[in-house]
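Me: I am new to this structure and would like to know what stands behind the words used for it. Please set each value against its definition.

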Amino acid sequence: MNKTLIVATSEFSTLVRTKAFLITLILMPILMVGSIMMSRAARNATDTNTRTFAYIDRSGVLGPALEAAAAARNAVANASGQPRYEPIAVDPGGKSDDQLKLELSDRVRSKELYAFVEIPSGVLDPEHPQEVRYYSNAPSYTALPQWLRTTVGALVITERFKAASVDPAVVERLTRPTPVSSLKLLERDAAGQVKPAEKVDQRMAAGVPAGMLVLMYLIVMVSAPQLLNTVIEEKMSRISEVLIGSVSPFELMMGKLIGCVGVSLLLAAVYLAGGLAVAAYWGMQDAVTPALAAWFLLFLTMAVLLFGSIFIAVGAACSDLKDSQSMMMPVMMLIM
């Protein structure tokens, strides 16, 4: 056991003193913060081009309501910087369905229209409703069809209520959903008084475990694969033969594995401390409890021991780096 600790200490000090470790320690938070800032910048740089679409209203009743809904949405879109939706009614004018839709398709290809919608005559039939068809040359843009799906669906339901002599306002009021809020457990304060329960922040409840999961994945990917390279390099340079003359193969590999665990825990401690400092700055110091941090370190230790031993086994089974490349892919897939 003493020899294993000596190997672990040597492995730990060797890995920590490398330039790659220092670069990884500094570069990873920079990349994470930079990616978040870029995501926010890309989110704010939205496309505000007007989406002009034509519609063929074969039902004869949904067209004006659709234009009114688009006008109400555009009033909000102008203030929020979202693209405007401009519906244009199309009169079939005795043309066949294929001829009319082909002409509209040509207008979409020439950028005169962004899309066109076909509202069938039987869309209001509750027994056998017909589907509304959306035609576009940009299938990756989902905002407009999603808005049409929601708006036309609401208009169809309103018209069905009117046809059944049911007031839609009454139905909306009676079917209004009852809100359900998530609260933490009650507890007593230092004076023995019962403190009111606090609301659960769903973003924090989902974001903290997800962030720890990503952090664990990154630390394992940074530390564990180094064991494979270390084992192969020592085999190729004949250093392992000299080391085995003083320690057993199990003590050598276990020492390397423990040293890798130490490096991983050091990285985790640095990143957790930084994350807690940022959380305290924003007033969310209760986001990561001591129990949660302890469980994270425990599972990180087990993950590094598991995958590190697999990488050591791969390195022991290969004679050079080329042979190890084909065997690394299954391990990487297992980690992911």
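Me: How do you know that the span of H9 agrees with its 33 residues?

Reply: The model is predicted, so local features need pLDDT of at least 70 and side-chain atom pairs pLDDT 80 or more, while totals for chains, interfaces and linings use all residues. Residues are numbered from 1 along each chain as its sequence is written, and side-chain values use heavy atoms, without hydrogens and water. Helices (H or I, at least four residues) and strands (E, at least two) are DSSP runs numbered from the N terminus. The expected span of a helix is 1.5 Å times one less than its number of residues. For H9 this gives 48 Å, and its end C-alpha atoms are 48 Å apart, so the two agree.

Me: Where is Met 284 found, and why is Met 284 called partly exposed?

Reply: Met 284 sits in the loop between H9 and H10. Buried means under 20% relative accessible area, exposed over 50%, and partly exposed in between, with a 1.4 Å probe and protein chains only. Met 284 has 36%, so it counts as partly exposed.

Me: Which residues is Met 284 in contact with, leaving aside neighbours within four places in sequence?

Reply: Contact means heavy atoms within 4.5 Å. By that rule Met 284 is in contact with Met 204 and Ala 279. Met 204 is 80 residues from Met 284 in sequence, and their C-alpha atoms are 9.0 Å apart in space.

Me: Why is Lys 101 called buried?

Reply: Its relative accessible area is 15%, so Lys 101 counts as buried. Lys 101 lies in helix H4 (residues 97-109). Beyond four places in sequence, Lys 101 touches Phe 116, Glu 118, Arg 133 and Tyr 135.

Me: How many aromatic pairs does the structure hold, and what makes the pair of Phe 116 and Tyr 135 stacked?

Reply: There are four aromatic pairs. Rings of Phe, Tyr and Trp (its six-membered ring) pair if their centres lie within 6.5 Å; planes under 30 degrees apart are stacked, over 60 edge-to-face, and the rest tilted. Phe 116 and Tyr 135 are 4.5 Å centre to centre with 10° between the planes, and are stacked. Phe 116 is in strand S3 (residues 115-119) and Tyr 135 in strand S4 (residues 133-136), so the pair ties together parts 19 residues apart in sequence. Phe 116 is buried at 2%, whereas Tyr 135 is partly exposed at 25%.

Me: What makes the pair of Trp 295 and Phe 299 tilted?

Reply: The centres of Trp 295 and Phe 299 are 6.0 Å apart and the planes 40° apart, which puts the pair in the tilted class. Both lie in helix H10 (residues 290-317), four residues apart, so about one helical turn separates them. Trp 295 is exposed at 52%, and Phe 299 is partly exposed at 43%.

Me: How many cavities of 30 Å³ or more are there, and which residues line the largest cavity?

Reply: A cavity is a set of points on a 1 Å grid over the protein atoms alone where a 1.4 Å probe fits but cannot get out; lining residues have an atom within 4 Å of a point. The count is one. The lining of the largest cavity includes Leu 15, Phe 21, Ser 223 and Leu 267. H7 supplies the largest share, three residues.

Note on methods
On a 1 Å grid over the protein atoms alone, a cavity is a set of points where a 1.4 Å probe fits but cannot get out, and a pocket is an open set with protein on both sides within 12 Å along at least five of seven lines; lining residues have an atom within 4 Å of a point. Grid points are joined across faces, edges and corners, and a volume is the space filled by probe spheres set on the points.
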